[in-house]
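Dear colleague,

Please find below the structure that I am handing over to you. My notes on what was found in it follow.

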Amino acid sequence: MKKNPKSGSRRINNPFPKQPAGLGFVRGELLFDSTATPSQSHTAGQGFEVRWRGGGQEAGILQVYHVTEPNRVLWSTIPGQSFVSAAFGTDSFEESRGSFAIHDQIEILCSHQTVEQVTLAWPSETFVPSDYYNVLPPPLNSNGLGHYQFHKGDALFQQFRSTKDADGLRVGDGSRGPCVIVSGCLYSDSKLARKQIAAFTQVSKRNDGGNVRGSNCPFYLTAGLQMEGGRGCLRLFSQEQRVGVRYRLVFYESRDHQLGFSVSLEQPATLESFFMANAFIGQTKRSSVVPLSAATDFHRQVGLARSFSNRFDSPPQGEYDQLLLESSSSDTSIGRNRVKKHWLWSEAPVSAFSTRGVRVGVADGCREVSGDRSSPKAPFRRSISVADFRTYSLVSKCMTGKSSFLSELARSRILSPGEQVMQLPRLNRIQLTYSSNKGERFFGFGEQFSHFDMKGRRIPIFVQEQGIGRGDQPITALANMASNRSGGSWHTTYAPVPYYMTSQMRSLYLEGYEYSVFDLTKENAVQVQVHAGYMQGRILHGKTPAQIIEQYTAAVGRMRELPAWILKGAIVGMQGGTHAVRRQWQQLKDLNVPVAAFWLQDWVGQRRTSIGWQLWWNWEVDSDHYPGWEELVKELLSHGVRTMAYCNPMLAPSHEKSNRKRDLLDEARDEDFVVNNHLGLPYMIPNTSFDAAMVDLTNPPARAWLKNILHEMVKTGIRGWMADFGEALPLDSSLFSGEEPRVMHNKYPELWAELNREVVEEWETKERELKKQRSAGQLECETGYLCTEEEEDDDDEDKLVFFMRAGYRGSPKSSTLFWLGDQMVSWQRHDGIKSAVTGLLTGGLSGFSLNHSDIGGYCTVDLPFLRYRRTEELLQRWMELNAFSTIFRTHEGNVPGANSQFYSNETTLRHFARFAKVFNAWEFYRRQLVKEAARTGLPVVRHLFVHYPHDPSVLSITYQQFLVGREILVVPVLDEGRKSVQAYFPIAPDGECEEWEHLWTGQVFSSSEELDRLLPATGFRAWVDAPLGFPAIFVRAGSEVGSRFKENLISCGVLDKR
């Protein structure tokens, strides 16, 4: 992937950059023959049914059902429209400080699809196909259905057997029953597609339903393939260009209620490259080819041919001369009957082109032609590199007839004498298109900060810095001016996931880490595009959102239960050193504030940068900034308060830090532990006023080295930390593993989470062993009472917590906690307090079940001409909001002095104390929800859609309100100066309105009230007062949770007894 010259920052950049160019919504024809592929239904595994309609009113439609709901479609194609398409594209990217823009240029597009067979396939360990080297569509039975058994060495079969889900369940091992294969071809031209499906039909009839294909060639005929008089130039880029490729769509049951699917493109190569792509250029009447050098070594050509062909049956060396002689005769059937040839293009020195003899060797069903028949003719492959030829001026000159091929080839110096072969690039884009409808709404896609319903949008799935502003103005434009594209956009996010569920209980997610795009811009269609030659994913079955979440998280992984200590009170985020911490701790004790931990991110020391105060990314305690660090940690722990810190996988120069003990960047450079650039040198990534290097987590010694640094951090008494960053792996970097950075980019956050989790588990295991050695069978709790070992494990000191912002599909499996990243200290929608709620709710549907935001936001701008500073009111409203999330944690922001802080004055301090007590009052329920999250994947904070999917009015809610579990309804104030909010009370599944009790006044809201009643199938709305300190909170009337919550509030003096 090339880096766009616009990457990085000029002095002034475009404040309103265009959206990256890319492949739009692809539509194509679907062609099939109803006699060859009649209507049929197959069971995939044990729980799914795949139906193909080959005739009737909606002919050409493929549908998926679950056997428990035979009348509800889980997935369906669009009648008459292609559902698989493929392309070849080249891309470039712009990058600046973790923000990326990927530009895609498409050179080949195969959008027209044929369906030739719908086949039932049986995985088997005992059956060996007769043709081991060619996994072909099976012959049709008398009923028009095909059956095939995979060999245990089959690439597809091996892929299924080697797959395990996050919970350890082996999937696709063949024990769940057969899979269903839909196969055919993709073509770049609709006329060509129609001709080929007609030829397929004719050949199929001649074979009486037998196997009509003896190779992977997508062409059944090449009518009119002739030489172009005497010039010897293939018109690659004329309008007559034709490209075809065979595809295979496979459905297989992964586990209960999950149907796996894969889309692959054929390549005439070895069986190991089963899922790679292969494309052919279909010749036209005026096409011709380039001859093979007579001096070419035959053995080398055969070896190359085998590398590109599934079945290249070459003659022995002794028979080769005879073959050449026979090829000059008028009987051209030799090429079809004796040798199955996918011949290679061969590029020889210009002097070798003095022989004008030409022969085209093609696959079965294609004809051979000859040019000059006066001498033996050498074979040719019909594929050639479009990517390379596109840039050569000789192509256009030859096509227009302005110059001869040989002269232009000599001038262009495209090929050196040693260059012999050019391969048509395999198709590296796959699109899967299927049906939707106008009323269907789409939710999920990881943490999305601007919209909850994604219908009508095009969502790229790519981990990156979310940006500053994300569309809120004027900050986004100014950020873009200062640093190219650093303002972000509505879709930029730290934690995207290629997964969704809809309002109609349909759900799908992709496996793999390639860049992907979900195009929901059409009312009646969804198109998923993956930047790879292969696509794999799953279709989920569930009758409710909760069931779908449970199914999804069972496969990708669930977050583990948080330790009790972090749920008991506030996490006080502050900076300033030992004396500042002790001063604030004393104030909090005076107000009886429940405190779980102090989060001291500046434990490594601070530095002044262009955006305010940042940290020294050299992960060791700064003993000057925090003198007596270990004593401070022990003092806090004696009061039941933990100490938390900060780290990330990047290392910055620390030579200007005079009191450093180690220089971690120099150590990592010396050992080659950091990500390199293409020159093999450390890739220094710009941050703000400094550059930093990323630790290469694909390098095992580098991982071990970084893990040891984190272990040293924990040894200082730290019991939790922010594991920041993980989203900035450069796309043009070089990794130790040799893996593609464009693929590893989305995986890097998972690797970072896995490393932190290993540190946690290794330390916890060691602590448990030490505790067993110290104990006599009974342990003493913090309260001083004796408790069982089970209660101790549930509560305490031998549990660590780290929280992350960057993530991908599998991150919840490893991470113990998430936070929503760096919101602006503003009221705005796309990057302020509102976006924090939206991200919390979308992430909750996507497996990020334990999540929270910085109280007050983070990103502060304090310039003479532009100020985004945290006001007292914003801070107070954010405290009220976060009192009803999993974690209640403050952050000073990047410019602490410009922001209102919880300790700024008596008002903010008392407001903080009040809502820390509110947070603590429902700790009993929070622990229940955390356990539920670990067991089922359901988030603590939930969109109303999770429990009220039948109520259409909840679908329009973005950030206005949410549920905590099922028992608490929160309607936060998210606009400056507002003193009241409009609450929506949904209707129960049985059609009856539920009763909700206002926390502060005890007023009960129900359908009997004379309120603004909506449609009969929906709930009702009411305006509710919400002055500062009294946000609109409701508990389910008569619930045990509500009663206990109120009792706890009364006991701590927050709620008056009624």
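Helices (H or I, at least four residues) and strands (E, at least two) are DSSP runs, numbered from the N terminus. The model is a predicted one, in which local features need pLDDT of at least 70 and side-chain atom pairs count only at pLDDT 80 or more, while totals for chains, interfaces and linings use all residues. Residues are numbered from 1 along each chain as its sequence is written, and side-chain values use heavy atoms, with hydrogens and water left out.

I begin with confidence. The pLDDT (the predictor's confidence in each residue, from 0 to 100) averages 80 for the chain, and 74% of the residues score at least 70. Over residues 125–149 the pLDDT is below 50, and this stretch has 70 contacts (heavy atoms within 4.5 Å) in the model beyond near neighbours in sequence. For residues 268–423 the pLDDT stays under 50 as well, and the model has 351 contacts beyond four places in sequence for them.

Next come the pockets. On a 1 Å grid over the protein atoms alone, a pocket is an open set of points where a 1.4 Å probe fits, with protein on both sides within 12 Å along at least five of seven lines; lining residues have an atom within 4 Å of a point. Grid points are joined across faces, edges and corners, and a volume is the space filled by probe spheres set on the points.

The largest pocket holds about 1200 Å³ of space. Its lining has 50 residues, and I468, S610, I611, T688 and N894 lie nearest the centre. At least two lining residues come from each of α9 (475–482), β28 (606–609), β29 (612–615), β32 (684–686) and β39 (861–863).

The second largest pocket holds about 790 Å³. Among its 31 lining residues, E511, G512, Y513, E750 and R809 lie nearest the centre. The largest share of this lining, five residues, is supplied by α15, which spans 741–774.

Finally, there is a sheet. Six strands form an open sheet in the order β41-β42-β43-β49-β45-β46, with antiparallel pairing; two strands pair if DSSP finds at least two bridges between them. Its edge strands, β41 (941–942) and β46 (1004–1005), each pair on one side only. Strand β45 (residues 996–998) is joined to β46 over two bridges in the antiparallel sense, and W996 has F1005 in β46 as its bridge partner.

Yours sincerely
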